[in-house]
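Good morning. Please have a look at it first.

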Amino acid sequence: WAFLQHELRRLGVTAVSGEANFLFLRSPRTDLAARLRDQGLLIRDCRNYPGLSPGYYRVSVRTHAENLLLLAALQEIFASPGA
């Protein structure tokens, strides 16, 4: 998860690891889950967790190849209008 966490932070996303196989994210983009779903990638939108607002997400740490797909999709999203 260290690689994924480092790369997410490089994209400007706050990424916090825990004891499980996922990272908790805070992003200025509130449409990440929908945008990634359009590309066939699923992340957990955590806006309905008590005390959290839009822009909080949870992502599973997957294989290196799958993590690279996620990072490429995020890079594309952040480069698009509305970022």
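**Helix 1 and the overall fold**

Helices here are DSSP runs of H or I with at least four residues, strands are runs of E with at least two, and both are numbered from the N terminus. The model is predicted, so local features need pLDDT of at least 70 and side-chain atom pairs count only at pLDDT 80 or more, while totals for chains, interfaces and linings use all residues. Residues are numbered from 1 along each chain as its sequence is written, and side-chain values use heavy atoms, with hydrogens and water left out.

Now helix 1 itself, residues 2–10. Which of its residues are buried? They are Leu4, Gln5, Glu7 and Leu8. Buried means under 20% relative accessible area, exposed over 50%, and partly exposed in between, with a 1.4 Å probe and protein chains only. Down the axis of helix 1, the buried residues fall within an arc of 170°, so they line one face of the helix. That arc is taken from the directions from the helix axis to the C-beta atoms. On the face turned away from the buried side sit the exposed residues Ala2 and Arg10.

What covers the buried residues? The cover includes strand 1 (14–17), strand 2 (22–26), strand 4 (56–60) and helix 3 (64–79). Contact means heavy atoms within 4.5 Å.

Stepping back, the protein has three helices and four strands, in the pattern α-β-β-α-β-β-α along the sequence. Of its 83 residues, 35% count as buried.
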